[in-house]
Amino acid sequence: MSILGTSNLDVFPLNLGGNTFGWTSDEATSHQVLDAFVQAGGNFVDTADVYSVWAPGNSGGESEAIIGSWLAKGQRERLIVATKVSQHPEFPGLSATNIAAAADASLQRLGTDYIDLYYAHQPDDNTPIAESAAAFDALVRAGKIRHIGLSNFSAEQIDEWFAVANEQGFVTPVALQPQYNLVARAEFENELAEVSARHQLAVLPYFSLASGFLTGKYRSEADFEGKARAGMAGRYLNEHGLSVVDTLVSVAAELKVEPATVALAWLRSRESIVAPIASASSVDQLPALMASATLELSGEQLEILDAASEPVQVS
């Protein structure tokens, strides 16, 4: 287990992504994934009020509702739940009024009276950060959320949030959720690594497997045919991306594990990274993810992976 930043949350070092719930996995399958995750020692799930509005027939909140129906089986104390606000079609932005209303809607869908980690999902240029920080602080003090997280915020915006919170006596964030993986290193390493360390933020990267590209399953356009994640993962299908995958596959073969396991273990080895986020559409996909929590890569293996992905370190 790992402590989440300056919080008192003790989390499993893999954050199960809930974006597949209600999208590539139905409610029954999602419950099976959650059952298997918890039985294997997991205790930390990530979702958002907007998941998965992009799926045909969905309107947003489907993932939260599925997690809520699982929690209703008497499992609430076994799971640390993270969700987000600002992108749901009915609750856009980070105004104080919207944050309060969206939190209540998430609590209702989840069927719980508190959220362990509540993120500002993305910045809102139309709302002062001071207003948003005050609204999140009010939710903590009301007992509706336990801790605050930021996602997709720039270093400047993170510094401003902390400056406002410290000046006004608000509760400060404990977690940062950026995009970060072996084929997308530049933004985090060049801008966000320093600010997250300075504010003692636990970093929980999303797209940890580059939308599935780092599983090693995609080597050509044909491999993406009929796949739900083709649009997102396909952008990495280039000379550099394939070179990184070749290196992953080589290291994985040496260790007799899956490439996804190595990709997540590499992330976990980075400074400030507490629990990479990765999702599973079926129980069969879970073992490779869970194995990453205990896999320790050697110095030589880390150097090989660093070198293979180095061209994207500098933007």
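Trainee: What should I keep in mind about the numbers?
Mentor: It's a predicted model, so local features need pLDDT of at least 70, side-chain atom pairs count only at pLDDT 80 or more, and totals for chains, interfaces and linings use all residues. Residues are numbered from 1 along each chain as its sequence is written, and side-chain values use heavy atoms, leaving out hydrogens and water.

Trainee: What makes Asp116 and Arg146 a salt bridge?
Mentor: The term needs a side-chain nitrogen of Lys or Arg within 4 Å of a carboxyl oxygen of Asp or Glu. Their side chains meet at 2.7 Å, N to O, so the pair counts. Asp116 sits in strand 8 and Arg146 in strand 9, so parts 30 residues apart in sequence get tied together.

Trainee: Why is Asp116 called buried?
Mentor: Buried means under 20% relative accessible area, exposed over 50%, and partly exposed in between (1.4 Å probe, protein chains only). Asp116 has 1%, so it's buried. Arg146 has 33%, so that one is partly exposed.

Trainee: And how do you know that Glu296 is exposed or buried?
Mentor: Glu296 comes out at 60%, so it's exposed. Its salt-bridge partner is Arg268, with the closest N and O atoms 3.3 Å apart. Arg268 is at 17%, so it counts as buried.

Trainee: What makes the span of helix 6 close to the expected one?
Mentor: Expected span is 1.5 Å times one less than the number of residues. Helix 6 has 13 residues and reaches 19 Å from first C-alpha to last, close to the expected 18 Å.

Conventions. Helices (H or I, at least four residues) and strands (E, at least two) are DSSP runs, numbered from the N terminus.
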